[in-house]
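Let's look at this chain together and ask, step by step, what the words used to describe a structure really rest on.

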Amino acid sequence: MKQVVQNYKSGELAVLDVPVPGCKPGGVLVRTAYSLISTGTELMKVSEAGMSMLGKARSRPDQVAKVMQSVATNGLPATYRKVMGKLDSYTPLGYSLCGVVEQVGAGTDDVKVGDLVACAGNEHALHAELNWVPKNLYTPVPDGLAPRHAAFGTVGSIALQGVRQGEPQLGEVALVIGLGLIGQLVAQLLTASGVRVVGADPDPARCELAQRLGAVACGDPGSAAVEAAVAELTGGHGVDQVYLAAGGGSNQPVELAAHLARDRGRVVDIGKCRLDLPWNAYYEKELDVRFSRSYGPGRYDPEYELDGRDYPIGYVRWTERRNLACFLDLLARGRVDVDPLVSHVAEFEDAVETYRRLKDGELKAVAVLFRYPGPAGEGEPERTAQAPEVAVPVVRRSGTAATPARPVNAPVRLAFIGAGNYAGSMLLPHLAQRDGVTLSTVVTTTALSAANAQRKFGFARATTDLDAVLGDPSVDAVFVVTRHSSHAELTRRALLAGKTVFVEKPLALTEDELASVLEAVEESGNDRLQVGFNRRFAPLLRQAKSRLGVRTGPASLRYLVNAGRLQHGSWYLRQGTEGSRFAGEGGHFIDTASWLLEADPVSVYAVATAGNEDLQVVLRYPDGSTATISYVTTGAPGFPKETLDLVADGKVLKLDDFVRASVHGPERWVSSRLPRTRDKGQSAELAAFVKAVRTGGPMPVPLESLVATTAATLAVPTALAGGAPVTLARTR
């Protein structure tokens, strides 16, 4: 059979052929269907194995103390040989799985061959095709529970034991610090117990996931959002329990626990994090610090785990095995949902590559499963191993680029298709006053609106005949400023007519519409296209980006859009024909984030409040940067519409509604408070567009970037419907 192993000395991971374990009395031989990778505990072991000997020693001071004791007792040479021999050996990985009983050992009568069981233990529930599991470390899987879900039994028991140590009661408020796999399960278990949960994690995607699964509020542990949520939910008293489910060397979780716990609150340590307790803070509140030992009573007791000696239920209500059975029951009854936590399902034969991708950060995951060959694994409903995908079409150019020859000194002749409120207030006033620009023709669906635009802005001609404009060789560029549902088709026709095109956002409302525009580019060779993403041209934002300087590390960007409620009768409410409000406006904010981060997004995750009134969109970028766009309609009307923060390299860029900006770092810069006008970049954008038309030079924004932003916007509904991140896959 095959098993995943690691050499702790060299760090080597391998899938080895090893003998099948014997079926000893007091247990069962289980053929694995699914095993779960603990992205916390196991990756910590994998990372430690890749360290130098000094690094290993620093990470495990407890083991160093044992070595020093051995040196004192047995001498240096003997201790050295013993330690090197142990290090230079293969060790197993894994401790949580689900499989089918293949053989029953003597003295075992609670299961039979063919039964589905969940198994636990870092010596018995390994990433291996077959495992011998003693009686108290397995439990039958309830009818109807999928094997891939039952594989969460062990980590679920760890979370459940942690919650039991906190002794939650109905109506209490708890803080969960660390929203990895264990933290997500703790939050769900507390919610199922009638406890209101606040979560803290620096990863916005994990925060969004926890909120979707029941947490009241989540945020970065260093932000004011978590403290504000705790204050609101507890009346300023502090949370009843804090669950430390974080790892790493920072002492922030312990300090945050003391700060946000109520007087005589309980702090439960579940994860392996630094525990330098600030004495004054814990003493003054008389905090009760508790540790949660793995799966529950019986853990590390060989008589319980290996010999099968159970504890009487009257004395120990919840043992390891009873916790395991309890968690599976909660799964089967739908009180806990692990499916949204599954980021990736890999075939067992790809185990080494999967660990590599996790360790290198290439694969971002909360939970990863190995699927094994055999009836139990193969019979499962198919779940793609990769995240859902939305295609980002590749721009293909064929033929001769359509840059019409024109005298450089001649005025740029512009035609407008549509002349509604936005065109009349944000575009035409800038163009009508610009030297070297002639407003040639305006086309509208009604004669009166065309006449009004002609009178107000000085168009040479007004018409309702679109073909007359597209066929006019004197028109250099066409502006498409119509209802959203017509943008793609009008853009396609204008490109095929050889015109340079400025289309207001959005470029397209569907993937098919986007494909049709790019087919026109390929057919005509005309890629002269600009979408009205104006914020990247805003002078204040460009100045702030310049002050921030060249970025060397990944960034975290937060963009709050206080969009407000729509007025009755707004055509944005016609989602059936005009698309959603975010489909129409969201590209603005995605483009701004991508411009600031100087890359196109590679994945999109989205979650909405009940009724889809407020929307959270999380974008990931190739270098590990993230952008969170909060598009809300329920905020206060008097609050600024757009606020943005970008954190990277020890610096923070802050933008306040295009009125004021600042950069905080080694040198602080703050923009002038005057003028108070909000310049969102329309004038500069139009100047850049007109220059490109006049000179025949490159368009202000590469077409590939416009396509990537549009595809990311279109991926948001897919991410909302699927409840999982959507990969933006570049097609070939």
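Two strands count as paired if DSSP finds at least two bridges between them. Keep in mind that this is a predicted model.

Q: What makes strand 1 and strand 4 a pair?
A: Strand 1 (residues 2-7) and strand 4 are joined by three bridges in the antiparallel sense. At least two are needed, so the two strands count as paired. For a bridge you can find yourself, look at V5, whose partner in strand 4 is P92.

Q: Why are strand 2 and strand 4 called edge strands?
A: The sheet here is open and has three strands in the order 2-1-4, with antiparallel pairing. Strand 2 (13-17) and strand 4 (90-92) each pair on one side only. Neighbouring strands of this sheet are turned by 50° against each other on average, direction ignored. Helix 14 lies across strand 1 and strand 2, and runs at about 165° to strand 2.

Q: How do you know that Y355 and F370 form an aromatic pair, and what makes it edge-to-face?
A: Their ring centres are 5.9 Å apart, and the limit for a pair is 6.5 Å. The angle between the planes is 65°, and over 60 degrees counts as edge-to-face. Y355 lies in helix 14 (residues 351-360) and F370 in strand 16 (residues 367-371), so the pair ties together parts that are 15 residues apart in sequence. Both Y355 and F370 are buried.

Q: Why is the pair of F582 and Y631 called edge-to-face?
A: Their ring centres lie 5.5 Å apart with the planes at 80°, so this pair is edge-to-face, since the angle is over 60 degrees. F582 belongs to helix 23 (residues 581-597) and Y631 to strand 27 (residues 626-632), so the pair ties together parts that are 49 residues apart in sequence.

Q: How do you know whether F582 and Y631 are buried or exposed?
A: Buried means under 20% relative accessible area. F582 has 6%, so F582 is buried. Y631 has 3%, so Y631 is buried too.

Q: How many aromatic pairs does a search of the whole structure find?
A: The search finds 13 aromatic pairs. Ring pairs also link F416, F459, F479, F502 and F689 into a cluster.

Q: What makes strand 27 mostly covered?
A: Seven of its seven residues are buried. In a regular strand the side chains alternate between the two faces of the sheet. In strand 27, T626, T628, S630 and V632 are buried on one side, and A627, I629 and Y631 are buried on the other.

Q: Which strands pair with strand 27, and in what sense?
A: Strand 24 (residues 556-562) pairs with strand 27 in the parallel sense over seven bridges, and there L557 stands opposite A627. Strand 26 (residues 615-620) pairs with strand 27 in the antiparallel sense over six bridges, with T626 as the bridge partner of R620. Strand 26 and strand 27 form a hairpin with five residues between them, and G624 in the turn has a positive phi of about 95°.

Q: How do you know that the buried residues of helix 21 line one face?
A: In helix 21 (residues 539-548), the residues L540, L541, A544, K545 and L548 are buried. Seen down the helix axis, the buried residues fall within an arc of 135°, so they line one face of helix 21. An α-helix has 3.6 residues a turn, so residues three or four places apart point the same way.

Q: What do the buried residues of helix 21 pack against?
A: They pack against helix 23, strand 28 (642-648), strand 29 (651-656), strand 30 (660-664) and strand 31 (669-670). Just after helix 21, G549 takes a positive phi of about 85°.

Q: Why is S671 called buried?
A: S671 has a relative accessible area of 7%, which is under 20%, so S671 counts as buried. S671 sits in the loop between strand 31 and helix 24 (682-695). Leaving aside its neighbours within four places in sequence, S671 is in contact with L540, V659, R660 and A661.

Q: What makes the charged end of R321 sit over the ring of Y138?
A: The charged end of R321 is 4.9 Å from the centre of the ring of Y138, and the distance limit is 6 Å.

Definitions and conventions: Residues are numbered from 1 along each chain as its sequence is written. This is a predicted model: local features need pLDDT of at least 70, side-chain atom pairs count only at pLDDT 80 or more; totals for chains, interfaces and linings use all residues. Side-chain values use heavy atoms; hydrogens and water are left out. Rings of Phe, Tyr and Trp (its six-membered ring) pair if their centres lie within 6.5 Å; planes under 30 degrees apart count as stacked, over 60 as edge-to-face and the rest as tilted. Helices (H or I, at least four residues) and strands (E, at least two) are DSSP runs, numbered from the N terminus. Buried means under 20% relative accessible area, exposed over 50%, partly exposed in between (1.4 Å probe, protein chains only). A charge sits over a ring if NZ of Lys or CZ of Arg is within 6 Å of the ring centre and within 35 degrees of the ring normal. The arc is that of the directions from the helix axis to the C-beta atoms. Contact means heavy atoms within 4.5 Å. Axes are lines fitted to C-alpha atoms, for helices over the stretch in contact, and angles run from 0 to 180 degrees between N-to-C directions.
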